[in-house]
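Me: I have a model to go through, and I want the terms set against their cut-offs. Please look at it with me.

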Amino acid sequence: MIRKVATIVAFATGLFMLVQYFLNADIVSLIYRALLDYYQIIFAMTMIVGGITLFLNHARTIAHGQRAGWYSGATIAAILFMIIAALIYGTGADSPYQWAFNNMQAPMQATTFSLLAFFVASAAYRGFRVRSRAAAVLAISALLVLIGRNAFGEMISEYLPQAAGWLLNHPSVAAKRGILIGIGLGSVATALRVILGIERTYL
Amino acid sequence: MEISTLVAVFFTMAIFSFLYRDNPFYRLAEHVLIGLSVGFTLVLLFNSVLLPKLFQPLFGSHDLWSLIPLALGLSMFAGLKKSWGSYSKPALALMIGSGAGVSIPAMMEARVLRQMASAIEPFSRMGAGESVGLWFIVTILISLIGVATVMIYFFYTRPETKPVTFVSQVGIYFLMVFFGATFGYTVTSRLTLLIGRLEFLLGDFLGLI
């Protein structure tokens with residue numbers, strides 16, 4: 001019964017959100033804005049459910065006395081710190097919440113992403129072999145962008161940065177456009193399947 | 001030295017220590033990062049969504065319509081208990097259904113029509129009588145051929161005739177250029193981040209640069 005209700009809700013809201021694009025009436029835009037707000041509220045609540053699930057999983061790890069318990073304790077402490085700090089001191093520029101973001105979260109995120117430079121390069125070095133013409137084209141364009149997009153490329157030749165820029169702005173963008181058009185058409189087809197109740201894997 | 005710099009240095013070095021191998025410092029930093037990110041996101045969502053769109057209308061101006069999203073939002077908590085999981089489905093369906101409905105015109109406009117228009121737009125400069133060089137014409141022709149051949153490559157139900165196969169092969173070369181350029185660009189952007197972290201360690205912390 002609930003699944004049927006859910007399918008009807010998906011159909012009705014999906015159809016309304018699609019049709020409202022072509023309509024220009026106050027009541028329609030009022031319902032449209034309300035549905036967008038509902039969407040955001042449900043999304044926020046879903047994120048809270050996700051946070052609680054993470055919290056409970058780590059609490060369970062601690063309760064079972066596993067070796068990873070210390071690390072789980074760190075995760076729980078970090079979650080609680082951000083929430084309690086925001087509740088007591090707010091989220092202003094000088095708050096502990098913002099301090100933890102600026103001095104802990106942001107440096108760690110930047111460092112984690114910078115590590116990818118090593119891993120992506122080493123994985124490419126170990127795994128990539130030029131076995132065909134297509135693979136050679138990939139390797140040449142990668143090298144051209146790698147060398148041409150920094151000061152080293154400019155030292156070798158003034159044309160290298162220009163060539164790298166041309167490659168990025170024209171043939172690469174052309175392929176990206178082809179992919180994006182494909183993604184767009186695929187997304188429309190999938191959205192229609194969801195609205196019409198053909199695609200119900202989320203239930 | 002400020003405590004904030006020392007804390008940032010500790011966590012930066014803890015993450016960098018993974019270059020050697022997995023170790024307790026890295027795992028601690030990893031878990032702290034997850035916890036901080038979750039806490040940060042939850043607070044952000046509460047302040048930017050739940051407070052202005054739900055709690056202020058409900059408790060501030062006693063807007064009873066806000067009970068609907070409250071009930072739908074609370075129904076998501078049913079997912080925490082397996083046997084109650086199905087009660088969260090109508091709210092989930094509202095989210096997915098409305099998202100699908102909104103995405104159809106948005107996707108058509110941003111991903112299909114605008115991309116097609118951008119591929120053809122340079123030709124309008126020629127049509128308007130603007131003087132353009134030979135290199136410009138070659139470049140826009142290459143771009144147009146790239147879009148068309150890549151789309152034909154992804155057209156899986158195409159007839160396997162020789163000309164169509166040849167055109168899709170050309171599409172593969174354009175895709176390889178895209179993948180190569182994207183790889184190079186990604187590595188370059190990650191290197192920029194790495195330089196930023198090294199600048200912080202050598203400059204702000206050690207004062208060497």
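What follows is a set of questions on the terms used for this model and the values behind them.

Reply: This is a predicted model, in which local features need pLDDT of at least 70, side-chain atom pairs count only at pLDDT 80 or more, and totals for chains, interfaces and linings use all residues. Residues are numbered from 1 along each chain as its sequence is written, chains are lettered from A, and side-chain values use heavy atoms, with hydrogens and water left out.

Me: What is the confidence in chain A, and where is it lowest and highest?

Reply: The pLDDT (the predictor's confidence in each residue, from 0 to 100) averages 92 in chain A, and 100% of the residues score at least 70.

Me: Which residues of H2(A) are called buried, and what covers them?

Reply: Buried means under 20% relative accessible area, exposed over 50%, and partly exposed in between (1.4 Å probe, protein chains only). The buried residues of H2(A) include Val28(A), Leu35(A), Tyr38(A), Ile41(A), Ile42(A) and His58(A). Their cover, counted by contact (heavy atoms within 4.5 Å), includes helices H1 (2-19) and H3 (69-89) of chain A, together with H2 (24-60), H3 (67-75) and H4 (89-127) of chain B.

Me: Why is the pair Asp37(A) and Lys53(B) called a salt bridge?

Reply: A salt bridge needs a side-chain nitrogen of Lys or Arg within 4 Å of a carboxyl oxygen of Asp or Glu. The closest N and O atoms of Asp37(A) and Lys53(B) are 3.2 Å apart, and the pair is counted as a salt bridge. Lys53(B) lies in helix H2 of chain B and Asp37(A) in helix H2 of chain A, so the pair joins two chains. At 27% relative accessibility, Lys53(B) counts as partly exposed, and Asp37(A), also at 27%, counts as partly exposed.

Me: How many salt bridges are there over all chains?

Reply: The count is three. Glu109(B) and Arg114(B) form one of them, at 3.3 Å from N to O; Glu109(B) has a relative accessible area of 33%, so it is partly exposed, and Arg114(B), with 49%, is partly exposed as well. Glu199(A) and Arg193(A) form another, at 3.6 Å.

Me: What makes a set of residues a nonpolar core, and which members of the largest one touch the most others?

Reply: A nonpolar core is a set of buried Ala, Val, Leu, Ile, Met, Phe, Trp, Tyr and Cys residues joined through side-chain atoms within 4.5 Å. The largest has 27 residues, of which Tyr97(A), Met104(A), Met108(A), Phe11(B), Val32(B) and Leu36(B) touch the most other members. A second, separate core of 24 residues includes Ala6(A), Leu72(B), Met76(B) and Met95(B).

Me: How many residues does the contact take from each chain, and what area is buried?

Reply: It takes 97 residues from chain A and 100 residues from chain B. Buried area is the accessible area (1.4 Å probe) that two parts lose on being put together, summed over both; here that is about 9300 Å², 83% of it on carbon and sulfur atoms.

Key:
Helices (H or I, at least four residues) and strands (E, at least two) are DSSP runs, numbered from the N terminus.
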